[in-house]
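The sequence and structure come first, and the description follows.

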Amino acid sequence: MHDIKYIRENPEVFDAALAKRGGESTAQNLLALDEQIRALKTELQNGQARRNEASKAIGKAKAQGDEEAAKALMAEVAELKSKMPEVEEKEREVSGRLQDILAALPNLPADDVPPGENEDDNVEIDSWGEPRVFDFTAREHSDIGPALGLDFETAAEMSGARFAFLRGQMAKLQRAIGQYMLDQQTIENGYQECAPPLLVRDDAVFGVGQLPKFAEDMFQTTDGRWLIPTAEVSLTNSVREQILDETKLPIRLTALTPCFRSEAGSAGKDTKGLIRQHQFEKVELVTIAHPDHSAQEHERMTKAAESILRALELPYRKMLLCAGDMGAAARKTFDLEVWLPGQNTYREISSISNCGDFQARRMNARFRPEGEEKGTRFVHTLNGSGLAVGRTLVAVLENYQQADGSVIIPSVLLPYMGGIETLEPA
RNA sequence: GGACAGGUGGCAGAGUGGUCGAAUGCAGCGGUCUUGAAAACCGCCGAGGGUGCAAGCUCUCCGUGGGUUCGAAUCCCACCCUGUCCGCCA
């Protein structure tokens, strides 16, 4: 959500920033509405001021027993009130229009975000690890998996496409990955473990910017709630409508939850394997930050996500997303892409975004600055995957596969595997 | 799902038709006192908006949305939420 005051003062900057993401120039439209609203407000408020004044006078006149003066004033108020509803209605209508437009606009990209339209314009800024050299042809996880307990047919029978049924050692490995990540993020990286709701209301989804524009990517329950597409929704909304003490910042939260996505628009993409599922697990990181420190929190959170890949010894590269490839709420995003030898390519496994005050405005999440500064300020919100569990499972299967179809368990996961050191094909 | 009780400022908690944006307490901020701190005392202290160079003036907000009234935190209706008890249930 954008600040109309900011647009009023920086219309060119606003348009230029939106243009970077492919948006059309719109500041003049918004400001025309804004001007109209303010004129209507002033008119309305003058009427209200006079009404209030007269009502007080009526009270006084009645107290003094001056019925005639009271009657005259009441007639004036009645006259005034016959005109006010029209102005009021008009003001509400135009304000609503402006709000709807503002609510649908994406965040402005940060200055250091490269221009560009799609993923081809993303910039690699770092990479880690050497892709392993295989002395056999590396297979995709969807080829290796079935013999190890990754069962797509059974899931399809009961749920349709884009679901998986994990059995035995495969299910255990997924759990091990999730547990390990959660332990890392809580014990090593200082995030507080949370177990949030998976079903949320409209307001919560609007708060992170997923509504009103992206309803078709989510599942909705019969009573109108939404299944979270990511724990970002639940964790970020934990501070909605609050005025926090500055000393509480930053608030670092993490949760291991299932995520549900309908992804109506992605038909035909990644139909094979675990890469794109309607249901998957993810360890999410969220930070509620002081505006002055969100950029450094962004770096810190990215490192927290990277620490998992390094511990698992999975090669990856770090991408700075171009303006056109970012999510609507983000002002700057890093993607971590893990090396998948079976597919011979890097695939996104984590996306870490600084949303600035974009979500905070929508949620009305503020803090009270220390000292003499008056009023409140909006917090900054950040979120990132730390990491997506399903895709990590894919990466482990493909990177640790052996010629005989078995998969070696990365050493950091061994404590979670109950003695299993390799997944053996059935 | 049923019955009852509630939703008021950062928190606690008064307020049942008119000087109420709202007592009081806590927290916070400024000051007096003190070598310093504590205590005590004094003062300030809700959010958002309009207008104005500014001082200021003014509007809206007491869960949300409607309604009654010259005037609503206070009365009426609907909805949402919380608590307690009952029922059901992992």
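The surface around RNA strand B is made of 22 residues, and the closest of them are Gln45, Lys81, Arg92, Arg201 and Thr376. A residue is taken as near a molecule or strand if one of its heavy atoms lies within 4 Å of it. This is a predicted model, in which local features need pLDDT of at least 70 and side-chain atom pairs count only at pLDDT 80 or more, while totals for chains, interfaces and linings use all residues. Residues are numbered from 1 along each chain as its sequence is written, chains are lettered from A and ligands numbered from 1 in the order in which they are written, and side-chain values use heavy atoms, with hydrogens and water left out.

**Surface near RNA strand B**

Of the atoms of RNA strand B within 4 Å of the protein, 85% belong to sugar or phosphate and the rest to bases. On the protein side, α3 (27-63), α4 (67-104) and β13 (366-368) each supply at least two residues of this surface. The most comes from α3, with eleven residues. Helices (H or I, at least four residues) and strands (E, at least two) are DSSP runs, numbered from the N terminus.

By residue type, the surface near RNA strand B holds five nonpolar, seven polar and ten charged residues. Here Ala, Val, Leu, Ile, Met, Phe, Trp, Tyr, Cys and Pro count as nonpolar, Asp, Glu, Lys and Arg as charged, and the others, Gly among them, as polar.

| Residue | Protein atom | Atom of RNA strand B | Distance |
|---|---|---|---|
| Arginine 38 | side-chain N or O | phosphate oxygen | 3.2 Å |
| Serine 55 | backbone N or O | base nitrogen | 3.0 Å |
| Arginine 92 | side-chain N or O | phosphate oxygen | 2.8 Å |

**Sheet and helices**

An open sheet of eight strands runs in the order β1-β10-β11-β12-β15-β9-β8-β4, with mixed pairing; two strands pair if DSSP finds at least two bridges between them. Because β1 (123-128) and β4 (192-193) each have a single partner strand, they stand at the edges, and one side of each is left without a neighbour in the sheet. β1 runs antiparallel to β10 (residues 316-320) and is joined to that strand by five bridges. In this pairing, glutamate 124 is opposite methionine 319 of β10.

Helix α7 (residues 168-188) lies across β4, β8 (251-260), β9 (279-289) and β15 (380-388), at about 165 degrees to β8. Helix α12 (residues 389-399) lies across β8, β9, β11 (332-340), β12 (345-354) and β15, at about 35 degrees to β15. Contact means heavy atoms within 4.5 Å. Axes are lines fitted to C-alpha atoms, for helices over the stretch in contact, and angles run from 0 to 180 degrees between N-to-C directions.

**Backbone details**

The peptide bond from leucine 249 to proline 250 is cis, with omega near -5 degrees, and proline 250 is in the loop between β7 (243-245) and β8. Glycine 386 and leucine 387 are also joined by a cis peptide bond, with omega about 10 degrees; leucine 387 belongs to strand β15.

Arginine 162, not a glycine, has a positive phi near 70 degrees. Arginine 162 sits in the loop between α6 (152-159) and β3 (165-166) and counts as buried at 16% relative accessibility. Asparagine 344 has a positive phi of about 55 degrees, is in the loop between β11 and β12, and is exposed, with a relative accessible area of 57%. Buried means under 20% relative accessible area, exposed over 50%, and partly exposed in between (1.4 Å probe, protein chains only).

Note on methods:
A polar contact is a pair of N or O atoms within 3.5 Å; within protein, one must be able to donate a hydrogen and the other to accept it, and residues adjacent in sequence count only if both atoms are side-chain atoms.
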